[in-house]
Each structure stands twice: as structure tokens, then as C-alpha cells.
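The sequence and the model are shown first, and the description follows.

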Amino acid sequence: MAKRKIYIISICVIIASALFAALLLFTIDYFVTKDKVNSYLADNHAYITSDGDNIYGNIIEDGYKVFLAGETRGTEKNPSAQLAMIKMLYGDYGVDRILLELPHSCCVALNRYLDGGDETILDEVFAAMPDDYFMNSDSYQEFFVALKTFNNGLDANGKLKLLGLEKELSDTTVKNAVALLQEMTAGLQTASARVNENWRQLAELDTTQNYSNQTLAALFGAMNADLSLAKNTVYAALGDNAADYHCIVNTLAESISAASADMSSSQSAQAAENLFYTNFKIFYDAEPAKLYFGQMAAEHVYLATMNSADADSTFAQQIDSWASLSGKVCVIKYSYENSAAADFEGGKEFSIKQSLYEKEFNNYGNSPSAMTLFRLDAEGSIFNTQQVMVSGGGKRTTDYYRYVLLIENSAALEKAA
């Protein structure tokens, strides 16, 4: 009995010693890493005003062609950060193609609003959104009004163009998309009998009716096939509308197909990434010399797959794999101090948590604009060599993203009144 007690005590002492050693090593590592993080960040941050001005100069390197910002959805300051980034990237680099988490049919309408200022167009776009869609808020309507004001001040040959990557949101956006396609193809004929027949069927669709997915899938699948088999013919007939038409057809075909499919959550997540990719490729192929910026949910923009991600290959990973864009995709992760987010779909609000070392970014906040931009991949960066703020897969922080934008004191986003 005494031997057993001694044995148990010995085991407990060994376990306690191991736990103490582990705690000691973690504590030492934490303070060493924390010191390296702060030492680096002190020399690699800048402040951005709401007008997109860099108070101490821009710290984003030249040479990028696509800029992607990853947000936590549902926080009040996201739209103002988006506007500031658009202004900054336009002023410093000439970025004038703006990627949005909206169907491109909505963006075609919004481009008309930016050009002409008809407020009813803006109202109709938001009326078509489901009540629980994250962008359906007064803050985002104000964002587009402010974007129009900014666009009004740009030269005629440097106007912004909004490009939608998202699937169709509702029966209403589907009907609006069909109406746009009918408008674009009205009175057109091509050398392809197949294309002409599909356009004839398109013209006969009644946009006041809801059609079955099966009916629409057959037509838009055929129209999407036309863009593979007879792209030059279709593009020649459509002229300036070609890329808009192509993207709307692709979005309708993929949205309807996804709605009819029985997919797992991971398959659904990958389908969303793939749609973003195929839509972006349409725009990029049409205008490869342009520079692009998109602010979207963070899971779309990581340059390596996170352990918790459902999709195997993100939108950013897919475009970064191109020879023409490899190393030219700039990813900016948004970090939030003392902020909250709303989940419109779930009807809840939650505090946005920061990881252990992510909190060190807060030491350089309290900027005049409440937006602080950090570069993570400069010479001597700990983020280039260690798994700071990320874990797993043998990846380092800058394998996922290269910059962080700190947003402070943002309340949860409120639904449209």
C-alpha cells in the first residue's frame, strides 16, 4: 500500500513538473515572441484617413495587380473602411475595378446609378436583397451614395466600375438578371443558329413569373455553353456589354445549378469559391491591364487554406496560381479592437475576438482615423518566419496574408430601417 502511494505521488510529481516546464516554456516563448512582434510593428505601420490619405506614407509595395481585403462580416465600420481603401488604392495605384459580394446583375444596375445618379436604381437594388443579407443595411446604402460622390469627381476615362462575384440572392435578383440579358440581346442576331435560338428563348421569358430551376437550368446552361463553344461570336455581337453578359449568364447558370444540387457544406463552400473565381476570370480576361480591389468575407481571400476552412482552395489561392498573378495578389486581413458584429441570418450579435498576438496591433492604434495599416512581410519580419496568429500546415503568417488593417471601436451593423 505504501509503495503504491509512493508510486502515485511520484507520478503526480512528474506530471506536475512536466506541466510546470511546459508553462514556463510557453511563458518564455510568449514574451519573446511578443517583444519581437512589437519591435517589428513599431517600424511597419501607417495611418489611413477616411478619405484614403496616408498620414505617414503608403506602406503597400508596388507591383500588385489585385488587392483583396478580408473582413469579419456585420460590423458597422466595414463600409467606411471599404470606401477609404478604394480611395487610397485609386489615388496611389489607379485601382478602378471594384469587386463586390453581390451578383453582377446588381452591379450592372449600380454602375448605372454611379453614372447617372438615379436614386430609384439604388433603392431597387437593396429592395431585391433578402432581409438577412449582410449588406442590406442603411450603412451600405450610404456607402454607395458616398462612392457615387467620389466617382463624380474622377476623370471620364478613370471612372470606377463595380464587378459582382456572388451568386444570385433571390427570385427578384434572378428576374432582374433575366431582364438585363433580354435588354442586352434585344434585336441581335449572330452567325450561330444555336446562339440565336437560345436568345429567342431568353426573349420569351416573362420576368414577372417565377420559373422552375429545371426550366432555367436548361436555358442558362445552354447559354453558358455558348460562351465556351462560340465565345468570339457572342462577344462580337454584344460589343461593350460582352463581359457583363458573360458574367450574368455564368452566375445564373451556377446559382441555379447549386440550388438544385445536394451538396455537403464543404462542397457548397468550394462552389462559392469557384464561382468567385470564374466570374473574376471573365472580368480579368476582358481587362487584364486593369487593377482590382475587393473587400469580402475573410475566408475568400487567404492565400493558403486555413485548418478550419471548409473549402479546399480559396478564391485568392486560385487566382494567385496564375502565372500572370502569382505574387501579385495583395491580401489584407482586417483586425478589430473593441468591436462587435451582427449575424443578420441568425439574428444575433457577438464580440469580435482577437487572437493572442493579434492584440499587439492595438498598441499602435488610436490613430486619427481609427484605421491603422500594418505591413507584415518587410525585411526582418517575425511574420515571415513564424506561425504568429495562424497555426497548422507548416505555414507562416505571410503565407496567408501580407497586411493587417486595424479597425477600432466598431459597433455591430444594423439592418436597414
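Twelve helices and ten strands make up the secondary structure of the chain. The model is a predicted one.

**Overall architecture**

Taken along the principal axes, the C-alpha atoms occupy a box of roughly 95 × 60 × 45 Å. The chain has 417 residues, and 52% of them count as buried. Of the contacts between residues at least 6 apart in sequence, 77% join residues at least 24 apart.

The accessible surface of the chain is about 19200 Å², and carbon and sulfur atoms account for 50% of that area. The side chains include 31 positive and 52 negative ones. The centres of these two sets are 8 Å apart.

**Pocket and cavity**

The second largest pocket has a volume of about 410 Å³. Its lining comprises 24 residues, and those nearest the pocket centre are R97, N111, L160, K161 and D244. The elements that contribute two or more residues to this lining are the helices α3 (104-116), α6 (171-185), α10 (242-260) and α11 (265-286), together with the strand β4 (161-164). Which element gives the most to the lining of the second largest pocket? That element is α3, with five residues.

The largest cavity has a volume of about 30 Å³. Its lining is formed by E71, Q82, E101, F134, M135, Y140, Q295 and M296.

**Surroundings of L102**

M135, one of the residues that line the largest cavity, is also in contact with L102. L102 is found in the loop between β3 (97-100) and α3. Is L102 buried or exposed? With a relative accessible area of 0%, L102 is buried, because the limit for that class is under 20%.

Neighbours within four places in sequence aside, L102 is in contact with C107, L110, M129, Y133, M135, F144, G164, L165, E166 and L169. The C-alpha atoms of L102 and F126 are 11 Å apart in space, and these two residues are 24 apart in sequence.

**Residues with positive phi**

M389 has a phi near 75 degrees, a positive value. M389 is placed in the loop between β9 (371-375) and β10 (403-408). Its relative accessibility is 18%, so M389 falls under the 20% limit and counts as buried.

N409 also has a positive phi, of about 55 degrees, although it is not a glycine. N409 belongs to the segment after β10. The relative accessible area of N409 is 45%, and N409 is therefore partly exposed, a class that lies between 20% and 50%.

**Pairs of residues apart in sequence**

| Residue pair | Separation along the chain | C-alpha separation |
|---|---|---|
| A230 and I352 | 122 residues | 48 Å |
| G327 and K65 | 262 residues | 9.2 Å |
| D343 and L413 | 70 residues | 8.7 Å |

A230 is found in the loop between α8 (213-229) and α9 (231-238). A230 is buried, with a relative accessible area of 16%. The C-alpha atom of A230 is separated from that of I352 by 48 Å.

G327 occupies the loop between α12 (315-320) and β6 (329-337). At 47% relative accessibility, G327 is partly exposed. What does G327 contact, leaving aside its neighbours within four places in sequence? The residues in question are Y64 and D320. The separation of 9.2 Å between the C-alpha atoms of G327 and K65 spans 262 residues along the chain.

D343 lies in strand β7, which runs over residues 340-343. D343 has a relative accessible area of 34% and is partly exposed.

How values were computed
Residues numbered from 1 in each chain as written. Predicted model: local features only at pLDDT ≥ 70, side-chain atom pairs only at ≥ 80, totals over all residues. Heavy atoms only, no water. Helix = DSSP H or I, 4+ residues; strand = E, 2+ residues; numbered from the N terminus. Buried < 20%, exposed > 50% of the residue type's maximum accessible area, 1.4 Å probe, protein only. Contact = heavy atoms within 4.5 Å. Areas by Shrake-Rupley, 256 points an atom, 1.4 Å probe, with all protein chains shown as cover. Lys, Arg positive; Asp, Glu negative; His and termini not counted. Charge placed at Lys NZ, Arg CZ, Asp CG, Glu CD. 1 Å grid on protein atoms, 1.4 Å probe; cavity = no way out; pocket = protein on both sides within 12 Å on 5 of 7 lines; lining within 4 Å. Points joined across faces, edges and corners; volume = space filled by probe spheres on them.
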